[in-house]
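Please keep the sequence and the model open while reading.

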Number of protein chains: 2
Amino acid sequence: MTNRTVRLARRPTGLPGPETWTIADEPAREPAEGEVLVEVKAISLDPAMRGWLDEGKSYIPPVALGDVMRANAAGVVLASRDPRWKPGDTVMGGMGVQRLACVRGRDLEPIDLAVAPFERWLGVLGMPGMTAWFGLFDVGAAQPGETVVVSAAAGAVGGLVVQLAKRHGCRVVGIAGGPEKCRLVTERFGADVCIDYKAGPVRPALAAAVPEGIHVYFDNVGGEILEAAMSLLARRARVVICGAISGYNDFASIRGPRNYLNLLVQRARMEGFVVWDYAARYAEARADIMAGLADGSIVAVEDVRHGLDRFPEVLTLLYTGGNTGKLVLVP
Amino acid sequence: MTNRTVRLARRPTGLPGPETWTIADEPAREPAEGEVLVEVKAISLDPAMRGWLDEGKSYIPPVALGDVMRANAAGVVLASRDPRWKPGDTVMGGMGVQRLACVRGRDLEPIDLAVAPFERWLGVLGMPGMTAWFGLFDVGAAQPGETVVVSAAAGAVGGLVVQLAKRHGCRVVGIAGGPEKCRLVTERFGADVCIDYKAGPVRPALAAAVPEGIHVYFDNVGGEILEAAMSLLARRARVVICGAISGYNDFASIRGPRNYLNLLVQRARMEGFVVWDYAARYAEARADIMAGLADGSIVAVEDVRHGLDRFPEVLTLLYTGGNTGKLVLVP
């Protein structure tokens, strides 16, 4: 059997381009003892991928040169040498950007297509869903009646943060780029207000939208938007650091919020997290999100693109504001 | 009776100078109903004073032009129209930079000179003491066996943080300016290591001193030292934002830590606080500090200067590294 893979050819400076990757056909590997061969049906494209391309210490080692690009994915078991799995089982896990993945059976989770299609298991029921839920409720400790502000509010994580916060009785202000995304954030996700950061300076619009200040700011972007939110914190606010997509393609440009001393003035905290730390509690979050999907208080928006060969260009959509909702590649 | 006062004449840019203040004799005010006239015996000089001179929203309104400079102070009651106090009582509270203070009796606290002299009630038993204790144990949640790093470790707050952390079973690394201060921090305060930030770059020295990373960083200074500490956080570290003295005289120069995303990598938090929020629990902290003074595990170092007229020059010692321990002015 032939596998098509996307491997890291060279480390990018700035936005990754076609030269970053080698896309080629190669023989599929036979599963060894404990391994499973999976036909990949959907690949999750995530902002964090950019960070995995850079050398240096982070919360995870970088992707090695020549390796298949790391990615969460979902698919169907073709062959198994792990008693947990049999051909035809549907699974998800870290299978990489390729058509056929040969991975350890113990690293996979079952998914139920009767509950949701492949792409949704990579979105609201997958890592982005867990990230939104634990970031908002555990790190952010959002309480009913509080004002929650979230950036990248039309994205996979931000869009769910908006909906979870509304479902939990919060007042919600989203920040997104362009009128279409803002309509999605208010009309489909239910935010009370959405600020279009492309339409003008964020600070005054945000100030007008949060008369009582911000209790929880869920930050996916960093930069000036983080600084604007930091200037409008309520007493004992929580700033949840989930990511900083505005700086991922130019790490040297990342600046800390100049007004971080506002944490002192407002007795506030800024806290980072990595969703994997919550693995033991995923079921709790997933049950809540499934209940929301069932009662209509949560809608899943996925942006599904097709063609493994288009991975290089589709990935860059994440960094140019080109996707809406969870970005998934069907190989 | 004649009172000598230090009033704010103009708002400084940069370091306050003689032109910032008006020092003059004026008739002492008679206490009104509920007020007390106090002879000021010791005035607390604190880094936060610089912030009180600037216009703009903060955790406290700025000192108004023409007002007596705000300060904590301790003294002896001369006359009282509040039933709580009688002449001869010793008290502390916000009495300002002057020789005779006419203040509301309800804003004063009693102090016992048999326990400690005036200056100590403004130091380890006063606001700096409370700031160190609640910052370290409540905000920082320092645990025995953890590594605590504190900047301005020869200062009023930092010096007590060192001693409290040692008393609590932590490994402690201080950062201070110059060999004399560093000797104080290790030999008298008991830090395991003290890094002289004037002797070379802090980052490599700090990295060598914290092989397991930093669990609690108590920041009094901001700037590059904050950034160095942020780069060496252990998993689930707490960064306590107590102040940022390096930027107080040039707010426009304040930068956030460029590496704030390390909060995410290390699942760490950065949190600010204002000591007044803990007023209801001061007795708890004071009892612990008194026990430490009694058993010798805490030593109080005060830097006492004399002469109300010298307030302008003595104040600047705080911003030039010129004082060691708690800076107190005897008017």
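Into which domains is chain A divided? Chain A consists of domain 1 (2–123 + 301–330) and domain 2 (127–276), with bounds that come from an automatic or database domain assignment. This is a predicted model, in which local features need pLDDT of at least 70 and side-chain atom pairs count only at pLDDT 80 or more, whereas totals for chains, interfaces and linings use all residues. Residues are numbered from 1 along each chain as its sequence is written, and chains are lettered from A and ligands numbered from 1 in the order in which they are written.

**Confidence**
- The mean pLDDT of chain A is 96, and 100% of its residues reach 70 or more, where pLDDT is the predictor's confidence in each residue, from 0 to 100.
- For the complex, the predictor gives an ipTM of 0.91 and a pTM of 0.93.

**The two domains of chain A**
- The centres of domain 1 and domain 2 of chain A, taken over C-alpha atoms, are separated by 28 Å.
- In chain A, 18 residues of domain 1 are in contact with 17 residues of domain 2, contact being defined by C-beta atoms, placed from the backbone, that lie within 7 Å.
- On the side of domain 1 of chain A that touches domain 2 of chain A, the elements that give two or more residues are α1 (49–52) and β15 (326–330) of chain A; helices (H or I, at least four residues) and strands (E, at least two) are DSSP runs, numbered from the N terminus.
- The residues of that side of domain 1 of chain A divide into seven nonpolar, eight polar and three charged, with Ala, Val, Leu, Ile, Met, Phe, Trp, Tyr, Cys and Pro counted as nonpolar, Asp, Glu, Lys and Arg as charged, and the others, Gly among them, as polar.

- The contact takes 23 residues from chain A and 23 residues from chain B, and α8 (262–265) and β13 (269–272) of chain A each supply at least two residues of the side of chain A that touches chain B.
- The largest share of that side of chain A, four residues, comes from β13(A).

**Strand β13 and its partners**
- β13(A) and β13(B) run antiparallel and are joined by three bridges, and strands are taken to pair if DSSP finds at least two bridges between them.
- R269(A) stands opposite E271(B) in β13(B).
- Within chain A, strand β12 (residues 233–241) pairs with β13(A) in the parallel sense over four bridges, and the bridge partner of V239(A) in β13(A) is M270(A).

Notes
Contact = placed C-beta atoms within 7 Å.
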